[in-house]
Amino acid sequence: MPVITVEMYEGRTVEQKRELAKAITDAVVRIAKTTPEGTHIIYKDVKKSDWAIAGKLASD
């Protein structure tokens with residue numbers, strides 16, 4: 001059972017998450033030879049102030 005965790009900045013709509021879930025599931029089923037029911041996706045929305053890149057907060 002593949003479990004995929006997607007961490008990204010908060011602010012995506014539910015519709016965007018649905019579309020992404022479909023695309024990820026389709027790719028995992030095709031490549032990993034699993035089933036849609038066995039593919040789990042967990043979204044973790046992160047505030048830009050809680051994410052740093054190259055020593056700077058993404059919110060800066």
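Arginine 18 forms a salt bridge (a side-chain nitrogen of Lys or Arg within 4 Å of a carboxyl oxygen of Asp or Glu) with glutamate 15, and their closest N and O atoms are 3.6 Å apart. The model is predicted, with local features needing pLDDT of at least 70 and side-chain atom pairs counting only at pLDDT 80 or more, while totals for chains, interfaces and linings use all residues. Residues are numbered from 1 along each chain as its sequence is written, and side-chain values use heavy atoms, with hydrogens and water left out.

**Strands and helix**

- Helices (H or I, at least four residues) and strands (E, at least two) are DSSP runs numbered from the N terminus.
- Strand β1, residues 3-9, pairs with strand β2, residues 40-46, in the parallel sense over seven bridges, where pairing requires that DSSP finds at least two bridges between the strands.
- From β1 the chain passes through helix α1, residues 14-32, to reach β2, and this β-α-β crossover is right-handed, a term that applies if, with the strands pointing away from the viewer, the path from the first strand over the helix to the second runs clockwise.
- Methionine 8 has aspartate 45 of β2 as its bridge partner.

**Salt bridges**

- The count of salt bridges comes to three.
- Arginine 18 and glutamate 15 both lie in helix α1, three residues apart, which is about one turn of the helix.
- Arginine 18 is exposed at a relative accessible area of 54%, whereas glutamate 15 is partly exposed at 48%; here buried means under 20% relative accessible area, exposed means over 50%, and partly exposed lies in between (1.4 Å probe, protein chains only).
- Aspartate 45 and lysine 17 meet through their side chains in a salt bridge of 2.6 Å, N to O.
- Because aspartate 45 lies in strand β2 and lysine 17 in helix α1, this pair ties together parts that are 28 residues apart in sequence.
- Lysine 17 is buried, with a relative accessible area of 19%, while aspartate 45 is partly exposed at 37%.
- Lysine 22 forms a salt bridge with aspartate 26, with the closest N and O atoms 2.9 Å apart, and these two residues of helix α1 are four residues apart, or about one helical turn.

- Threonine 39 lies in the loop between α1 and β2, and it counts as buried at 10% relative accessibility.
- The side chain of threonine 39 reaches the backbone oxygen of threonine 35 at 2.8 Å.

Definitions and conventions
A polar contact is a pair of N or O atoms within 3.5 Å; within protein, one must be able to donate a hydrogen and the other to accept it, and residues adjacent in sequence count only if both atoms are side-chain atoms.
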